[in-house]
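This briefing is meant to be read with the sequence and the model side by side. Please have both open before going through the points.

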Amino acid sequence: METYTEGRTAGSSSDGTEDSDFSADLEHTEASESARRRSSTRLTRASLRLSQSSQDLKQGADRDETPPRTPTGNAPSSESDIEVSSPGNDLDERLAKELSLKEAAAHDLSHRPKRRRFHESYNFNMKCPTPGCNSLGHLTGRHERHFSISGCPLYHNLSADECKGKASTRDKQAEERTLSHRQDENRHSTRNQAPTDRQLRYKEKVTELRRKRNSTLNKEQKEKHMDHRQSHGASREPLLENITSDYDLELFRKAQARASDDLEKLRLAGQVSEGSNMIKTIVFGRYELDTWYHSPYPEEYARLGRLYMCEFCLKYMKSQTILRRHMAKCVWKHPPGDEIYRKGNISVFEVDGKKNKIYCQNLCLLAKLFLDHKTLYYDVEPFLFYVMTEADNTGCHLVGYFSKEKNSFLNYNVSCILTMPQYMRQGYGKMLIDFSYLLSKVEEKVGSPERPLSDLGLISYRSYWKEVLLRYLNNFQGKEISIKEISQETAVNPVDIVSTLQSLQMLKYWKGKHLVLKRQDLIDDWKAKETKRGNSKTIDPTALKWTPPKGT
């Protein structure tokens, strides 16, 4: 019993509890002391009791019920484990010396290795690919570090402090907007869609801000933009100041920050890899395209980062050499299937997913690189693919496509639609949409795209529905307009027609009836744009040679 008490005193702090932090640091010191003690004289049981009685007077009520431990943290096995150098006062001196050593070690911990704690989601072996960037800051102003171009302040010609300032400004604007919406929500109802005074004032303010912008850059601004491009090339974003109005530029910056924040959340959730199995570029014909999203290509191809594709049969390869050998013997010059439309150099091929399964699967893999919501890959047999091409002396080059269910219960005329990036903003997207509605007219059905639509898809469809309605109203000579008649003539779903009329503020509720207003200002704007654009990118219904498939 006495032996245990003495052992606890030697390996405990002044308050009677175990000092585990110091025990590991003093292992070397205690080992040398233990060796010295083994060579000294052992105390008799009587002298040990004597020293214990004096020690009990010192500690008194501070004694606890916990089991005693040695300086290394282990309980002694027998009384022979406790050895001291000399009886009486020598024991007290030795104990005081050991306590002083512990106090000195508590104040001097420079010999101990420092513990470094990093954010659990950060891998500090990664670096931002922008030249000269130290990976500090984030475009959103909400993160301390970044590892991609989308979140790099330097790439966007900003500093980390500027990003934080813009983030606080956006937060204040969001709070003000939420407060104003709460004030206005009681004024709105399904039958009262008139804008409020605040909304009208905001619209006038935006119109004034956009009117103030400079239409052209002056000589100094052009030189500044050219110097920036020559100095940094593609490693930095081009200068955007003075290109558009400050209001539109701020909208663009907000969209950039929001997209970067969404990518950061996906990365922290593990849904976006840091480039290990992500195809970043594809070589497609004479183009090298940067990808937008992840596509489930086989791992041995995805980890390469760059794929080489045959633009006719869509076979994917690992190197330029393999592609060159493939092109020397590939006999394909256009998609498989039947050519159902041709006008000028534009053709559309109908490809059956059941008859040409490999080609359709490769087409879906390719489309997934540029579509976020696309899930179709293996199950291509229930679908028909309508592939639009542009022909030259080398073959029919892929422009875009849309897929369609052979038997759609909800009469969807489009399941997935894509325009290749090198052909975007040239009118081909609207041609594909127009062609899908042309097929619905031949089938004598009313069609609508499958939901949910991607962001770019929704913009394209909104623009198309707007043009269809304005063209119909421009040619309409009667007094009463029926939504059902518009739907039957244009093959557009009535729900899409109503939503488009509401967005154009052409649908009003008056005296218990819904009225369609013929806004001549919108029609005149559409006619001016139509005259300026011409008819080069339009679908000619007479060029369609197609019979609806039966029993598929």
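Predicted model: local features only at pLDDT ≥ 70, side-chain atom pairs only at ≥ 80, totals over all residues.

Residues are numbered from 1 along each chain as its sequence is written, and side-chain values use heavy atoms, with hydrogens and water left out. Helices (H or I, at least four residues) and strands (E, at least two) are DSSP runs, numbered from the N terminus.

- Five strands in the order 5-6-7-8-10 make up an open sheet with antiparallel pairing, where two strands are said to pair if DSSP finds at least two bridges between them.
- Strand 5 and strand 10 (416-419) are the edge strands, each with a single partner strand, so one side of each is left without a neighbour in the sheet.
- On average, and with direction ignored, neighbouring strands of this sheet are turned by 20° against each other; axes are lines fitted to C-alpha atoms, for helices over the stretch in contact, and angles run from 0 to 180 degrees between N-to-C directions.
- Helix 13 (residues 428-442) packs on the sheet and touches strand 5, strand 6, strand 7, strand 8 (395-405) and strand 10, and its direction makes about 50° with that of strand 8.

- Strand 6 (residues 346-352) is mostly covered, since seven of its seven residues are buried, which here means under 20% relative accessible area, whereas exposed means over 50% and partly exposed lies in between (1.4 Å probe, protein chains only).
- From strand 6, I346, V348, E350 and D352 point one way, while S347, F349 and V351 point the other way, and all are buried.
- Strand 5 (residues 338-343) pairs with strand 6 in the antiparallel sense over five bridges, and K343 has I346 of strand 6 as its bridge partner.
- Strand 7 (residues 383-392) pairs with strand 6 in the antiparallel sense over seven bridges; in strand 7, V387 stands opposite F349, and Y386 stands opposite E350.

- Strand 1 (residues 281-284) and strand 3 (residues 306-309) pair in the parallel sense over four bridges, and V283 has Y308 of strand 3 as its bridge partner.

**Helix 8**

- In helix 8, the buried residues are Q221, H225 and H228.
- Viewed down the axis of helix 8, the buried residues fall within an arc of 60°, so they line one face of the helix; the arc is that of the directions from the helix axis to the C-beta atoms.
- The face turned away from that buried side carries the exposed residues K219, E220, Q230 and S231.
- After helix 8 comes G233, whose phi is positive, near 65°.

**The annotated residue E450**

- UniProt, in an unreviewed entry, lists E450 for "active site"; UniProt positions are given in the numbering used here, feature names are shortened, and annotations may be inferred rather than shown by experiment.
- E450 lies in the loop between strand 11 (448-449) and helix 14 (455-475), and E450 is partly exposed, with a relative accessible area of 29%.
- Leaving aside neighbours within four places in sequence, E450 is in contact (heavy atoms within 4.5 Å) with E405, Y412, V414 and S415.
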